[in-house]
Amino acid sequence: MSAPAPQQPTTQIVVIDIAKIFKKHHRFNQMMADIKKDIEDFDAHVKNETAKLKAMGEQLQAYRAGSLEYKAKEEEAARLTSDLQVKVGLKKKELLEQEARVYYNVYRELEQKVAVFAQQNRIMMVLRFNSDDMKEDVRNSVLQGVNRA
């Protein structure tokens, strides 16, 4: 009769610092930098359009209040202002959705890699941990620290 094969020791619980992984994740940081660049480009566009609207407002002073030309220019300025507000709102929504997709996809990828690692190393439980220090004057930092497991 042969002796039973020795079992590998198992690690029952490990912790993972997701925030630190995100901070050092090259592809994630590149995608977030791309989004930031899109925001900066759009901000420049909005500033340019706002300057044009301001110039229109100044041109409006050249017309007599109540004249047909004045009313037409006033309506055009109102329409362009409204259009710009709608574009800003839609772009903001688009960028927030894009950012959420980046976080989601990278997080799902990390989950899968952690699951494979845990299975290969006979880890029974993986707990999230955040090693960031609380910043007393930053509300979200304090809330994260207080709610830290």
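Is Arg27 buried, partly exposed or exposed? I looked it up in this predicted model: Arg27 comes out partly exposed, at 38% relative accessible area.

**Arg27 and its partner.** I followed the Arg27 side chain next and found a salt bridge to Glu109, 2.3 Å from N to O.

**H2 against H3.** I then checked how these two helices lie. The axes of H2 (residues 26-60) and H3 (residues 68-120) come within 11 Å and cross at roughly 175°. That is over 145 degrees, so I put H2 and H3 down as roughly antiparallel. For the residues of their contact I noted 19 nonpolar, three polar and 10 charged.

**H2 by itself.** The helix has 35 residues and spans 51 Å from first to last C-alpha, close to the 51 Å expected. I listed its buried residues, among them Phe28, Phe42 and Leu60. The buried residues of H2 pack against H1 (18-24) and H3.

My count for the model is eight salt bridges. In H2, Glu49 and Lys52 are three residues apart, about one turn, and their side chains meet at 3.4 Å, N to O. Glu49 is partly exposed at 23%, and Lys52 is partly exposed at 46%. In H3, Arg108 and Glu111 also sit three residues apart, with their closest N and O atoms 3.1 Å apart. I have Arg108 as partly exposed at 39% and Glu111 as partly exposed at 34%.

How values were computed
Residues numbered from 1 in each chain as written. Predicted model: local features only at pLDDT ≥ 70, side-chain atom pairs only at ≥ 80, totals over all residues. Heavy atoms only, no water. Axes fitted to C-alpha atoms, helices over the stretch in contact; angles between N-to-C directions. Helix = DSSP H or I, 4+ residues; strand = E, 2+ residues; numbered from the N terminus. Parallel < 35°, antiparallel > 145°, perpendicular 65-115°, else oblique. Nonpolar A, V, L, I, M, F, W, Y, C, P; charged D, E, K, R; others polar. Expected span 1.5 Å × (residues − 1). Buried < 20%, exposed > 50% of the residue type's maximum accessible area, 1.4 Å probe, protein only. Contact = heavy atoms within 4.5 Å. Salt bridge = Lys/Arg side-chain N within 4 Å of Asp/Glu carboxyl O.
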